[in-house]
Amino acid sequence: MILKSYTSKRFEVTIKLLFNLEGKTAIITGGSRGLGKAMTQALSEAGAKVAIISRTESELEKTATEINSSGGNCTYQALDIMNRADFQAFVDRLYEENGSVDILINAAGVNKRHSFLDFPEDDWDQVVNTNLKSVYQVSQVVIPYMQKNNYGKIINIASLTSEIGLPNMAAYVASKGAISQFTKALAVEFAESGINVNAIGPGYFKTELTMPLFKDEEKVAWMMSRIPLKKIGDPDDLKGAAVFLASGASNYITGQTIYVDGGWLIS
Ligand SMILES: NC(=O)c1ccc[n+]([C@@H]2O[C@H](COP(=O)([O-])OP(=O)(O)OC[C@H]3O[C@@H](n4cnc5c(N)ncnc54)[C@H](OP(=O)(O)O)[C@@H]3O)[C@@H](O)[C@H]2O)c1
């Protein structure tokens, strides 16, 4: 009996340490709202210093204030993720201040819906550049800093459409399919640098990005019919996967896309 309680207490302490992010510095692109915000809150609750990025300063300030007033350490920088020079300057400063950049979550993303034959080239470029090219640029800036400490956790945000096709969003589907493969490519290339590269594939979550779908009752009924857990995702549902992939708990996992989708893809 005594042995049992001793063992379980030790297990509890070890598990807490595995998920602990104290002393880690994290960058979350798209951390101002929606899924990026929920993952920022999660990493902060696990002890990480978090630095969030988006183009809208007022939203960044609001999110940072919320996190800091509940005991977190959140800084922010308004910038367009496509601007490599601005992002490089931001990361240089962050590294100088903290001595490490340990975690990167690439959550900034956009979608444009058009039937394929009418898909305007500007919209195609905006979606593919934001969802895919920016992840290439941001990773090229951050990885050298991770290599300095032989440690890093990169989490890309994929989608159901990394696996399946959906109509009227060819650019988005193409970009998210590519993100899953890009994740595998970097996982292999940087494994020996102590960097784990994984992705989270969310199902349908209510955010600004998906708001048009949730105004359509037929679409909502269709979504519910496809989700075995019979629940639309709440951004908080991503918190567990984000902390898991950002922490030592996932040290032996790389190149994977973990779907947080209420079971959509397996049904
Ligand atoms: N919601 C879902 O059901 C769902 C499902 C699967 C995957 N995802 C993915 O999850 C990620 C987050 O989506 P969300 O639903 O949370 O959408 P959201 O609420 O619209 O948030 C998108 C975030 O990206 C930022 N962003 C967009 N373009 C940017 C740019 N050029 N530079 C810097 N920041 C930029 C936005 O801020 P600004 O506009 O102020 O720049 C915002 O912070 C995306 O990659 C999305 O594809 C979402």
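**Ligand site, pockets and cavity**

An oxygen atom of the ligand is 2.4 Å from an N or O atom in the side chain of T56. The model is predicted. The ligand sits in the largest pocket, and 29 residues surround the ligand. A second largest pocket of about 200 Å³ is also found, as is one cavity of 30 Å³ or more in a search of the whole structure.

**Polar atoms facing the ligand**

- T56 is one of the closest residues to the ligand, together with S32, R55, Y172 and T207.
- The side chain of D80 places an N or O atom 3.0 Å from a nitrogen atom of the ligand.
- K176 has a polar side-chain atom 2.9 Å from an oxygen atom of the ligand.
- Taken alone, the ligand exposes 880 Å², and the protein buries 97% of that.

**The shell around the ligand**

- By class, the shell around the ligand holds 13 nonpolar, 11 polar and five charged residues.

**The largest pocket**

- The pocket that holds the ligand has a volume of about 1000 Å³.
- Its lining consists of 45 residues, and A107, A108, G109, V110 and L209 lie nearest the centre of the pocket.
- At least two lining residues come from each of α2, β2 (49–54), α5 (121–148), α6 and α7 (211–214).
- The element that gives the most to this lining is α5, with four residues.
- The lining of the largest pocket divides into 20 nonpolar, 17 polar and eight charged residues.

- The volume of the second largest pocket is about 200 Å³.
- R113, L166, P167, N168, M169, Y204, P212, L213, D216, K219 and W222 form the lining of the second largest pocket.
- Helices α7 and α8 (217–226) each supply at least two residues of the lining of the second largest pocket.
- By class, the lining of the second largest pocket has seven nonpolar, one polar and three charged residues.

**The cavity**

- The largest cavity contains about 30 Å³ of space.
- The residues lining the largest cavity are N106, A108, N131, V135, N156, I157, K176 and I179.
- A108 is on this list and is also among the residues nearest the centre of the largest pocket.
- K176 likewise lines the largest cavity, and a polar side-chain atom of K176 lies 2.9 Å from an oxygen atom of the ligand.
- α5, β5 (152–157) and α6 each contribute at least two residues to the lining of the largest cavity.
- Four nonpolar, three polar and one charged residue make up the lining of the largest cavity.

Methods. Residues numbered from 1 in each chain as written. Predicted model: local features only at pLDDT ≥ 70, side-chain atom pairs only at ≥ 80, totals over all residues. Heavy atoms only, no water. Near = heavy atom within 4 Å. Polar contact = N/O pair within 3.5 Å; in protein donor to acceptor, adjacent residues only side chain to side chain. Areas by Shrake-Rupley, 256 points an atom, 1.4 Å probe, with all protein chains shown as cover. 1 Å grid on protein atoms, 1.4 Å probe; cavity = no way out; pocket = protein on both sides within 12 Å on 5 of 7 lines; lining within 4 Å. Sits in = over half its atoms within 2 Å of the grid points. Nonpolar A, V, L, I, M, F, W, Y, C, P; charged D, E, K, R; others polar. Points joined across faces, edges and corners; volume = space filled by probe spheres on them.
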